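Hi,

Here is the structure I said I would pass on.

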Amino acid sequence: MIAMDDYSRNTLMQYINPKPKDIEICDVTLRDGEQTPGVVFTREEKIAIAEKLDSIGIEVIEAGFPVVSKTEEDIVREIAHLGLDARVCCLARSVAKDIDVALRCDVDFVSVFIATSDLHLKYKYHKTFEEAESCALDVLDYAKDHGLTVRFAAEDATRTDVNVLKSIFRAAEEHGADYVSIADTVGILNPSTAHYLVSEIKNTVKTKVCIHCHNDLGMAVANTVSGAEAGAFQLHTTVNGIGERCGNASLEELLVSLRVQYGIERYDVSQLSELSKMVEQYSGIPIPRIKPIVGCNAFAHESGIHVAAVLENPMTYELYAPEMVGCKREIIIGKHTGSKALKGVVQKMGYDLSRDQMCTLLDRVKKCSEAKRKVTCERLTEFIRELE
């Protein structure tokens with residue numbers, strides 16, 4: 001495990017003390033992540049992702065939506081039988097045949113969902129709330145009667161009247177649901193309302209609460225963290241934040257946030273870069289350069305003042321060591337590089353240049369950079385050799 005001094009703690013947390021009391025991560029990359037338009041994982045890819053998630057210490061892996069196809073059913077069943085430490089679950093509509101498929105997959109538990117907002121009821125189901133609720137509770141009973149652990153999920157929960165949401169979660173609890181799940185289906189929450197809604201549900205039911213956030217407003221991780229502070233037990237993520245539209249709460253961002261903000265260190269975050277690149281390759285969705293934690297700019301430095309400080313102590317401009325998440329630091333030479341920073345880079349490369357040579361080299365670096373040509377270490381070496 002990584003030592004405490006490999007990252008800075010948010011010391012302001014001591015004044016508000018909002019640490020989550022108890023959490024687990026449910027990663028839904030293999031299901032919700034695969035619902036990203038154009039993304040399909042092969043059997044081998046799904047197994048590789050599941051095994052890597054397990055080795056990091058993720059407690060629950062949502063392996064898929066098995067009713068979609070026979071192939072999907074077979075893959076979910078295979079993942080359920082891999083012997084992972086993580087528990088394996090699958091998604092099911094409020095339809096009895098979906099439960100039958102889940103039973104054939106031999107998963108640890110099933111996530112039964114029903115949309116609860118007026119918008120979905122009117123335009124997707126063409127049913128009244130009472131009709132949809134009756135259907136969902138019947139299927140919940142069917143799953144429990146067949147010995148399944150059940151997560152009862154309200155789709156579009158965050159655009160559902162709070163009192164209506166409370167009533168269906170109370171009913172689900174009475175029918176034996178083991179979890180109730182708040183799905184922020186279109187990412188409408190903000191941290192304040194995420195905290196409020198989880199708190200209201202926690203005050204309504206004794207059942208464990210889950211939070212599933214989408215990133216349409218760029219707040220999925222913040223909302224998930226806020227929900228955890230309010231008492232949400234199961235936090236949903238995807239690797240690289242992939243998923244429908246703008247994606248889901250990013251696994252890597254959440255795990256590192258839990259470490260830095262709350263000192264939760266039980267996850268092996270040193271494998272995050274490897275996992276991220278794996279999902280990037282399998283999904284075909286490139287990781288943005290400025291993506292937190294795993295983007296190629298996350299530990300890249302060019303500004304002269306910054307580089308000079310980083311060369312003396314990386315913590316000056318890095319919240320955590322790149323090695324903590326399996327990455328490497330990169331010093332970029334360009335128009336913002338100052339003489340002190342350039343001298344430090346040159347010395348690390350094994351060269352000892354005079355003051356005049358350094359001035360000439362710095363001038364060449366800036367001109368090259370301003371012409372939008374990247375100054376690589378190889379090009380820098382060429383410039384230095386031309387000075388000798």
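Is Phe233 buried or exposed? Phe233 is buried, because its relative accessible area is 10%; here buried means under 20% relative accessible area, exposed over 50%, and partly exposed in between, with a 1.4 Å probe and protein chains only.

Before I go on, some housekeeping. This is a predicted model, in which local features need pLDDT of at least 70 and side-chain atom pairs count only at pLDDT 80 or more, while totals for chains, interfaces and linings use all residues. Residues are numbered from 1 along each chain as its sequence is written, and side-chain values use heavy atoms, with hydrogens and water left out.

Rings of Phe, Tyr and Trp (its six-membered ring) pair if their centres lie within 6.5 Å; planes under 30 degrees apart count as stacked, over 60 as edge-to-face and the rest as tilted. By that rule there are 4 aromatic pairs. One of them is Phe65 with Phe113, edge-to-face at 6.4 Å centre to centre and with 70° between the planes. That pair links distant parts of the chain, 48 residues apart: Phe65 lies in the loop between strand 2 (60–62) and helix 2 (70–80), and Phe113 in strand 4 (residues 109–115). (Helices, H or I with at least four residues, and strands, E with at least two, are DSSP runs numbered from the N terminus.) Phe65 and Phe113 are both buried.

Tyr179 and Phe233 make a stacked pair, again described by centre to centre distance, 6.4 Å, and by the 25° between the planes. Tyr179 belongs to strand 6 and Phe233 to the loop between helix 8 and strand 8, 54 residues apart. Tyr179 counts as buried because its relative accessibility is 4%. Phe109 joins Tyr179 and Phe233 in a cluster linked by ring pairs.

With 25% relative accessibility, Gly231 counts as partly exposed. Leaving out residues up to four places away in sequence, Gly231 touches Val198 and Lys202 (contact means heavy atoms within 4.5 Å).

Now the elements on either side of the loop. Helix 8 (residues 220–229) is mostly covered, with 8 of its 10 residues buried. Its buried residues pack against strand 6 (179–184), helix 7 (191–202), strand 7 (208–213), strand 8 (234–237) and helix 9 (251–262).

In strand 8, Gln234 and His236 point one way, Leu235 and Thr237 the other, and all are buried. Strand 8 pairs in the parallel sense with strand 1 (residues 24–27) over 4 bridges, where pairing needs at least two bridges found by DSSP. Asp27 stands opposite Thr237 there. Strand 7 also runs parallel to strand 8, joined by 2 bridges, and Cys210 has Gln234 as its bridge partner.

Finally, strand 7, helix 8 and strand 8 make a right-handed β-α-β unit: with the strands pointing away from the viewer, the path from the first strand over the helix to the second runs clockwise.

Cheers
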